[in-house]
Amino acid sequence: MTEQPQVTFIGTATTVLRIGGFTLLTDPNFLHRGQRAYLGKGMWSRRRTDPALSIAQLPELDAVVLSHLHGDHFDRVARRHLARELPIVTTPAAERKLRRWGFRAAEGLPTWSSRELHSDGTTLRLTSMPGKHGPGALDRLLPDVMGTMIDVERAGRREFRLYVTGDTLNRPLLAAVPERYPDIDAMLIHLGGTKVAGILLTMDARQGADLVELVRPKLTVPIHYDDYGVFRSPLAHFVDEARRRGWAAQVRTIGRGETVPLTSPS
């Protein structure tokens with residue numbers, strides 16, 4: 001590739017991705033410490049951290065990748081200040097609500113369908129991956145969620161592949177991801193072990209490690225792990241699990257405000 005793919009971590013699941021000459025924003029959450037994010041069904045969680053950047057400090061964006069509509073992934077700050085014409089690739093249910101809010105370029109992707117961006121002979125393909133936010137029947141009470149596979153192609157040749165998990169539990173339906181998309185260069189994994197009323201709603205350390213071993217990315221970058229009180233599985237637990245299983249060298253941790261490459265050191 002002409003430039004190294006990289007990620008800047010803003011906080012929660014909010015990142016800036018610079019890949020193949022394109023710049024993407026993921027899951028925009030710009031609330032500050034002490035402010036509450038609405039999680040639906042009358043539930044709130046108070047933020048423990050500050051975002052590393054404000055919306056005004058973001059670079060020029062080509063698109064937003066949004067896993068689902070929860071207040072810690074698309075908050076009232078994003079709703080108020082993001083440009084209404086900015087493409088937002090998300091679930092069909094989120095598209096309908098975003099369009100009602102005036103985001104005219106929102107596009108909902110059914111699972112396994114894609115949206116492409118093109119620039120200077122390079123194609124960036126965003127493909128919706130399956131996900132389940134809650135266990136069993138409880139999932140029907142939560143917003144639809146998707147992961148995203150991001151492929152960079154130039155001259156008909158794939159140059160880089162990034163999997164962004166979204167807020168999913170590690171469920172059997174994720175086995176289809178590596179079957180359809182082998183050779184994943186990097187994975188941004190949403191962790192945190194989110195618990196509401198004692199029910200696990202995002203991957204904890206064990207589930208996250210199991211997913212790494214299922215997907216087998218060359219590099220794993222954990223995000224979404226300590227910003228809200230409902231997050232119960234610290235990043236250290238995942239790093240310890242990776243060390244115990246023998247692949248800690250393939251994990252790259254990132255602090256808020258830090259930018260790191262998405263290419264494996266090997």
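User: How far apart along the helix are Arg99 and Glu95 in α2?

Analyst: This is a predicted model, and what follows should be read with that in mind. Arg99 and Glu95 are four residues apart in helix α2, which covers residues 92-100, so about one helical turn separates them. Their side chains form a salt bridge in which the closest N and O atoms are 3.0 Å apart, and Arg99 itself is partly exposed, with a relative accessible area of 41%.

User: Which helix holds a pair that is three residues apart?

Analyst: That is helix α5, residues 235-245, where Arg243 and Asp240 stand three residues apart and are therefore also separated by about one helical turn. These two form a salt bridge, with 3.0 Å between the closest N and O atoms. Arg243 counts as exposed because its relative accessible area is 51% and the cut-off is over 50%, whereas Asp240, at 42%, is partly exposed.

User: How many salt bridges does the structure hold, and which residues are linked in a network?

Analyst: There are 18 salt bridges in the structure. A network of them links Arg206, Asp210, Glu213, Glu241, Arg244 and Arg245. Another salt bridge joins the side chains of Glu159 and Arg154, at 2.5 Å from N to O, and Glu159 is partly exposed, with a relative accessible area of 22%.

User: How should I read the packing of two helices, and at what angle do α4 and α5 pack?

Analyst: In general, two packed helices are described by the angle between their axes and by the distance between those axes. Here helix α4, residues 205-215, packs against α5 at an angle of about 45°, and their axes are 9 Å apart. That angle makes α4 oblique to α5. The crossing of α4 and α5 is right-handed.

User: What describes a pair of aromatic rings, and how many such pairs does the structure hold?

Analyst: The general idea is that a pair of aromatic rings is described by the distance of the centres together with the angle of the planes. The structure holds seven aromatic pairs. In one of them, the ring centres of Tyr228 and Phe231 are 6.0 Å apart and the planes stand at 70°, so this pair is edge-to-face. Tyr228 is buried, with a relative accessibility of 1%, and Phe231 is buried as well, at 5%. Elsewhere, Phe74, Trp101 and Phe103 form one aromatic cluster.

User: Over which ring does the charged end of Arg180 sit, and where does Arg36 lie?

Analyst: The charged end of Arg180 sits over the ring of Trp112, at 4.0 Å from the centre of that ring. Arg36 lies over the face of Trp44, where the distance to the ring centre is 4.8 Å.

User: What should I expect of phi, and which residue in the loop between β14 and β15 deserves a look?

Analyst: Most residues other than glycine have a negative phi. Ala197 lies in the loop between β14 (195-196) and β15 (199-200), and although Ala197 is not a glycine, its phi is positive, at about 55°. His224, which is not a glycine either, has a positive phi of about 60°, and His224 lies in the loop between β16 (219-223) and α5.

User: How far apart in space are Thr127 and Asp151, and what separation do Ile189 and Ala155 have?

Analyst: Thr127 and Asp151 are 24 residues apart in sequence, and their C-alpha atoms are 8.3 Å apart in space. Ile189 and Ala155 are 34 residues apart along the chain, and 29 Å separates their C-alpha atoms. Thr127 lies in strand β10, residues 122-129, and counts as buried at 1% relative accessibility. Ile189 belongs to strand β13, residues 186-190, and is buried, with a relative accessible area of 0%.

How values were computed:
Residues numbered from 1 in each chain as written. Predicted model: local features only at pLDDT ≥ 70, side-chain atom pairs only at ≥ 80, totals over all residues. Heavy atoms only, no water. Phe/Tyr/Trp six-rings, centres within 6.5 Å; stacked < 30°, edge-to-face > 60°. Buried < 20%, exposed > 50% of the residue type's maximum accessible area, 1.4 Å probe, protein only. Lys NZ or Arg CZ within 6 Å of the ring centre and 35° of its normal. Salt bridge = Lys/Arg side-chain N within 4 Å of Asp/Glu carboxyl O. Axes fitted to C-alpha atoms, helices over the stretch in contact; angles between N-to-C directions. Parallel < 35°, antiparallel > 145°, perpendicular 65-115°, else oblique. Left-handed = near helix turned anticlockwise from the far one by under 90°.
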